[in-house]
Amino acid sequence: SVDPDSGGPVRSFDPELWVSPDGRLFFFWAQMEKGRRDAELGVWCIETSEPDAAQPKWSKPRRIGDGVMMCKPLVLSSGEWGLPISQWVGNGWSIGDNSPQLVVSTDAGKTWSLRGSCNVPKDARDADEHMFVERTDGSLRLLVRTRYGIGEIVSTDRGKTWPELQPSAIQHPTSRFFIRRLVSGNLLLVK
């Protein structure tokens, strides 16, 4: 676990472990001050190049950006890394417009920038918990948790713009899911 301020008012939550293509182990988490639910919410990470060591040496924690990341990163065919970061705002953990975002690194995780976001209609917003899948034609498919199950759209410009979210043909209750392309090229969906 991560304790950002040794028992102070900052708490960490929603951890994600991920091994990058070059073998580094990344530990992502969200953190915020206890009792606050506002723009202070942020995604942080540490990394180690020795994930199998008994006592690995970790980098200093660094803030990637605003929001919370609840699903795994994606490595694109271009070599870029994409993070699914959601923008939860306000005192009630409300989800604002254009919350499901694609935050991209073009330099193997050194820096990150917002590439684009999609809007989930207000009456369908739930917890986002979105994931991206790159299709064989290079377009990006976004699946997002909504009040009706899974919403889905495709970006044809590498995630810069997204059309209006539509209900997916994938039948699913309002709960988390996981999707990933396997080495075989097939998609794995865990419901």
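A residue counts as buried when its relative accessible area is under 20%, as exposed when over 50%, and as partly exposed in between (1.4 Å probe, protein chains only).

What you're looking at is a predicted model, where local features need pLDDT of at least 70 and side-chain atom pairs count only at pLDDT 80 or more, while totals for chains, interfaces and linings use all residues. Residues are numbered from 1 along each chain as its sequence is written, and side-chain values use heavy atoms, with hydrogens and water left out.

**The big picture**

- The protein chain has 0 helices and 17 strands; both are DSSP runs numbered from the N terminus, with helices being H or I of at least four residues and strands being E of at least two.
- Of the 191 residues in the protein chain, 45% are buried.
- Take the contacts (heavy atoms within 4.5 Å) with a separation of 6 or more: 40% of them in the protein chain come from residues 24 or more positions apart.
- The protein chain has an accessible surface of about 9,800 Å², and carbon and sulfur atoms make up 51% of that. Such areas come from the Shrake-Rupley method with a 1.4 Å probe, and for residues only the protein chains shown count as cover.

**An open sheet**

- Strands of a sheet pair through backbone hydrogen bonds, either parallel or antiparallel.
- Here, 4 strands make an open sheet with antiparallel pairing, in the order β12-β13-β14-β15. Two strands pair if DSSP finds at least two bridges between them.
- The edges belong to β12 and β15 (166-167); each has a single partner strand, so one side of each has no neighbour in the sheet.
- Between β12 and strand β13 (residues 140-146), the antiparallel pairing runs over 6 bridges.
- If you want to see the two strands face each other, look at E134, which stands opposite L140 in β13.

**Aromatic rings**

- A pair of aromatic rings is described by the distance of the centres and the angle of the planes.
- Rings of Phe, Tyr and Trp (its six-membered ring) pair if their centres lie within 6.5 Å; planes under 30 degrees apart are stacked, over 60 edge-to-face, and the rest tilted.
- The whole structure has 7 aromatic pairs. One of them joins F26 and W81, whose ring centres are 5.7 Å apart with planes at 90°, so this pair is edge-to-face.
- That pair links distant parts of the chain, with F26 in strand β2 (residues 25-33) and W81 in strand β7, 55 residues apart.
- F26 is buried at 0% relative accessibility, and W81 is buried too, at 4%.
- W81 also pairs with W112: their ring centres are 6.4 Å apart and the planes sit at 45°, so this pair is tilted.
- With W81 in strand β7 and W112 in the loop between β10 and β11, the pair ties together parts that are 31 residues apart in sequence.
- W18, F26, F28, W81 and W112 make up one aromatic cluster.

**Salt bridges**

- Side chains of opposite charge can pair when their charged atoms come close.
- The structure holds 13 salt bridges, each being a side-chain nitrogen of Lys or Arg within 4 Å of a carboxyl oxygen of Asp or Glu.
- R62 and E47 form one, with their closest N and O atoms 2.9 Å apart. This pair reaches between distant parts of the chain, from R62 in strand β4 (residues 62-66) to E47 in strand β3 (residues 42-48), 15 residues apart.
- R62 is partly exposed at 21% relative accessibility, whereas E47 is buried at 14%.
- Both R62 and E47 belong to a network of salt bridges that also links D22 and R24.
- E80 and R115 meet in a salt bridge too (2.7 Å, N to O). E80 lies in the loop between β6 (74-75) and β7 (81-86) and R115 in strand β11 (residues 113-117), so the pair ties together parts 35 residues apart in sequence.
- R135 and D137 meet at 3.7 Å, N to O; R135 is partly exposed at 35% relative accessibility, and D137 is exposed at 56%.

- Most residues other than glycine have a negative phi.
- N98 has a positive phi, near 55°, and lies in the loop between β9 (94-95) and β10 (101-105). N98 is partly exposed, with a relative accessible area of 35%.
- D128 has a positive phi as well, near 65°, but is found in strand β12 (residues 125-134). D128 is buried, at 1% relative accessibility.
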